[in-house]
Amino acid sequence: MSAASSSPHSEAEPSEVSAKRLRKSERKEQRRAHAKEQRQQRKKAQKLRKQEQRKARLEAMTAEERAEFLERERQAGRDRKAAADAALESAFQGGRPRIVVNCSFSASLAPKELTSLAKQLQLAYSQARELRSRCQLHLASLGPGNLARRPLELQGLASWSEP
């Protein structure tokens with residue numbers, strides 16, 4: 001018997017190992033999907049509870065109280081938006097540091113990488129906006145023909161504030 005054929009299972013082992021790894025990764029993916037579904041269901045149930053509580057609260061009010069309450073809610077929303085817009089404008093006028101993302105390299109990225117880039121930029125923008133950060137975020141070389149533009153538009157680029 002030669003050294004290469006000393007173990008009768010040497011050829012079968014790699015396929016058994018890879019099959020076991022595949023089964024393990026499939027179970028892991030199933031657990032992830034199940035956990036995601038449960039999170040979505042909890043979030044949906046919480047949203048429905050909040051809607052029902054608000055509806056009950058509004059129904060308990062008189063017409064005059066309801067109108068006043070709704071107007072206060074609307075005004076609070078307008079005030080929040082005005083404060084956010086003022087913070088963005090202030091950051092643009094004098095914010096430091098300036099963060100510039102050069103998107104001219106997008107032609108060399110795979111579609112999955114373009115999607116990842118768009119998501120990362122969306123997260124950076126939303127964090128800067130929510131934290132009322134004084135940094136400036138600039139996207140360079142993002143013309144109409146740029147391949148990164150479409151994934152960014154899917155992430156809400158059109159609604160991002162531009163000075």
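Which residues does Ser106 touch, not counting residues up to four places away in sequence? They are Leu114, Asn146, Leu147 and Ala148, where touching, or contact, means heavy atoms within 4.5 Å.

## What you're looking at

This is a predicted model, so local features need pLDDT of at least 70 and side-chain atom pairs count only at pLDDT 80 or more, while totals for chains, interfaces and linings use all residues. Residues are numbered from 1 along each chain as its sequence is written, and side-chain values use heavy atoms, with hydrogens and water left out.

## The overall layout

The chain has four helices and two strands, and from the N terminus on they come in the order α-α-β-α-β-α. Helices (H or I, at least four residues) and strands (E, at least two) are DSSP runs, numbered from the N terminus.

The chain is more spread out than a compact globule, because its radius of gyration is 26 Å, well over the 15 Å that the globule rule gives for 163 residues. That radius is taken over C-alpha atoms, and the globule rule is 2.2 Å times the number of residues to the power 0.38. Along its principal axes, the C-alpha trace spans about 95 × 50 × 25 Å.

Now for who meets whom along the chain. Of the contacts with a separation of 6 or more, 68% are between residues 24 or more positions apart.

## Surface and charge

Buried residues make up 16% of the 163 residues. Buried means under 20% relative accessible area, exposed means over 50%, and partly exposed is in between (1.4 Å probe, protein chains only).

As for charge, the chain carries 34 positive and 20 negative side chains, and the centres of the two sets lie 3 Å apart. Lys and Arg count as positive and Asp and Glu as negative, while His and the chain ends are not counted. Each charge is placed at NZ of Lys, CZ of Arg, CG of Asp or CD of Glu.

## Back to Ser106

So where does Ser106 sit? You'll find Ser106 in the loop between β1 (98-102) and α3 (111-130). Even though it's in a loop, Ser106 counts as buried, at 3% relative accessibility.

Cys103 is buried, with a relative accessible area of 0%. Cys135 also counts as buried, at 16% relative accessibility.
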